[in-house]
Amino acid sequence: MAHVAPWKYEFVDKIVKLAQEYPVVGIVNINNIPAAQMQKMRRELRNDVVFIVGKNRLIKLALEKAPRKNLKELAKYIEGQTGIVFTRMNAFKLAKIMEKTKTKAPAKGGEIAPEDIVVHEGETPFKPGPVISEFQKVGLPAAVQKGKIVIRKDTVLVKKGEVISRDVAQVLTKLEIYPITVGLDLRAAYEDEIVFPKDVLQVDTQKIYGDFLDAIQYAVNLSMNIGWPTKLTMPMLIAKAHMDAMNLAINGGIVNKYTAEYIVKKAYLQMLSLASQLKGGLDEELENLISNRLSPSPEGRKEEEKKEEEKKEEEEEEENKEEEAIEGLGALFG
C-alpha cells in the first residue's frame, strides 16, 4: 500500500471543516496570476474570504467527502490552476468582489486573445526609427508623418481565440495596449444546496436597480390613477384631491376662505384679457396694466423665475420621497 503524506490528510480535513463552517463555497480560476499580485489580492480579501490554494485532486476529494448536499457538484468546475474560497457573504456579492480584483495586463506571448485586439488609426508617441519596422512586421500599416510614426487605419492585430505571438505582444506593450485580464475568476459558487455557475452569478446590479425603480414608479402611477391608498401614495392622493377640489371650487365660483383670493385673481386676469381685446376707450391706468401684463418688468420676470424654481424644488422633493421608499434595493446583490 502506497504511503500517503500526512499533510494531504490534514489538507482534506481542513477543506471539509471549512465547507461545514461557511455557508458559501466557491471555485476560483487563478491561471496566469503573478505571485505578487496574488498575494495582494489575498491580503485585500482576507477579512471577508478564506482563500486556499492546493492540488486539484485533493480539493475534489474534500468536496466529495464534505457532508453537504450537492457540494460535490462544485468539483466539475475544477480545472487548471484552481483555488477554493469560503465566505459568509452571499454568492452574488462574492462574484462581485471577485470581479473587482480583475485588472488589465500586458501580453507576454503565447496567450489566447480573449477578444479582437484592435490598434486604432492615429499618431503614436514614437519618432521615426527601428520601431516602425517592428510595427510593419506584425502587420500594422505604419508610416511617418510630421516627425511621428502613425498608424494609417484601424487594424485587427489578433482575432478573438487566436494566439498572441511574442512579437505582437511586444508591439502591444509599446503601444500601451493591455489585452489580458488578470484576476480571480469565480467559476461557480455553492449556497443553500445550489451550485451557481459563473454566467448566473454575473448579475448587472445597475440594470436590476433601474428595473426596480421603474417598477415602483409604474406602481405609484397606477395607484394614483385608480386612487389606491398606500403608505407611499396616501400623501400624494390627498394632495391631488386637494388640488382637484380647489380647481373645482375656483372654476365653479364657490367662494370661501381658501378660494376667494384665487377667484379674485382669476377674475382680474379675465378682465385684463377682455380689455386687451378691446380697441380704444380704455383709460390710461388700464392701458398701463395691459401693457405691463404683455411685457413683464424685470421684477416680474424674477418673480416668475422664482416660482419656477420653487415648483422644480417641489417636484424634486416628491422624487426624493419615492427614492426613499426604495432605499437599499441596490444592496440586494451586494
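A residue is called exposed here when its relative accessible area is over 50%, buried when that value is under 20%, and partly exposed in between. The coordinates belong to a predicted model.

**First stop: K146 and its strands**

Select K146, which lies in the loop between β7 and β8. With a relative accessible area of 86%, K146 is exposed, because the cut-off for that class is over 50%. Its backbone deserves a look as well, as the phi of K146 is positive, near 50°, although the residue is not glycine. Most residues other than glycine have a negative phi.

Now extend the selection to the strands on either side of that loop. β7 and β8 (residues 148-151) run antiparallel and are joined by 4 bridges, and within this pairing Q145 stands opposite K148. The two strands belong to an open sheet of 3 strands, ordered β6-β8-β7, with antiparallel pairing. Its edges are β6 (122-123) and β7 (142-145), each of which pairs on one side only.

**Second stop: the whole chain**

Zoom out and colour by secondary structure, which for the protein chain comes to 12 helices and 12 strands. The chain has 334 residues, 31% of which count as buried. Its accessible surface is about 22,300 Å², and carbon and sulfur atoms hold 53% of that area. Among contacts in the chain with a separation of 6 or more, 71% are between residues 24 or more positions apart.

In total, 6 of the 6 residues of β1 are buried.

The pairing of β1 with β3 is antiparallel and runs over 6 bridges, with V25 opposite F86 in β3. β1 also pairs with β11 in the antiparallel sense, over 5 bridges, and there I27 stands opposite A188.

From β11 (residues 185-191), continue to β12 (residues 194-197), to which β11 is joined by 4 bridges in an antiparallel arrangement. Y190 has V195 in β12 as its bridge partner. The hairpin of these two strands has 2 residues between them, and D192 takes a positive phi near 50° there.

Select residues 6-21, which form helix α1; its 16 residues reach 23 Å from the first C-alpha to the last, close to the 22 Å expected at 1.5 Å a residue. The buried residues of this helix are F11, V12, I15, V16, L18 and A19. They cover an arc of only 165° around the axis, which puts them on the same side of α1. E10 and K17, on the other side of α1, are exposed.

Select F135, L140, I164 and L184, which touch the most other members of the largest nonpolar core, a set of 44 residues. Helix α4 (residues 91-100) gives this core its largest share, 5 residues. Apart from this core lies another, of 23 residues, among them I27, A66, L74 and F86.

**Last stop: two partly exposed loop residues**

Select Y178, in the loop between α6 (166-174) and β10 (180-182). Y178 is partly exposed, with a relative accessible area of 35%. Its C-alpha atom is separated by 5.7 Å from that of K104, a residue 74 positions away along the chain. Not counting residues up to four places away in sequence, Y178 touches K104, A105 and P106.

Finally, select N70, which is found in the loop between α3 and β3. N70 has a positive phi of about 70° although it is not a glycine, and with 34% relative accessibility N70 counts as partly exposed.

Conventions. Residues numbered from 1 in each chain as written. Predicted model: local features only at pLDDT ≥ 70, side-chain atom pairs only at ≥ 80, totals over all residues. Heavy atoms only, no water. Expected span 1.5 Å × (residues − 1). Buried < 20%, exposed > 50% of the residue type's maximum accessible area, 1.4 Å probe, protein only. Arc of directions from axis to C-beta. Contact = heavy atoms within 4.5 Å. Areas by Shrake-Rupley, 256 points an atom, 1.4 Å probe, with all protein chains shown as cover. Core = buried A, V, L, I, M, F, W, Y, C linked by side-chain atoms within 4.5 Å. Pairing = 2+ DSSP bridges.
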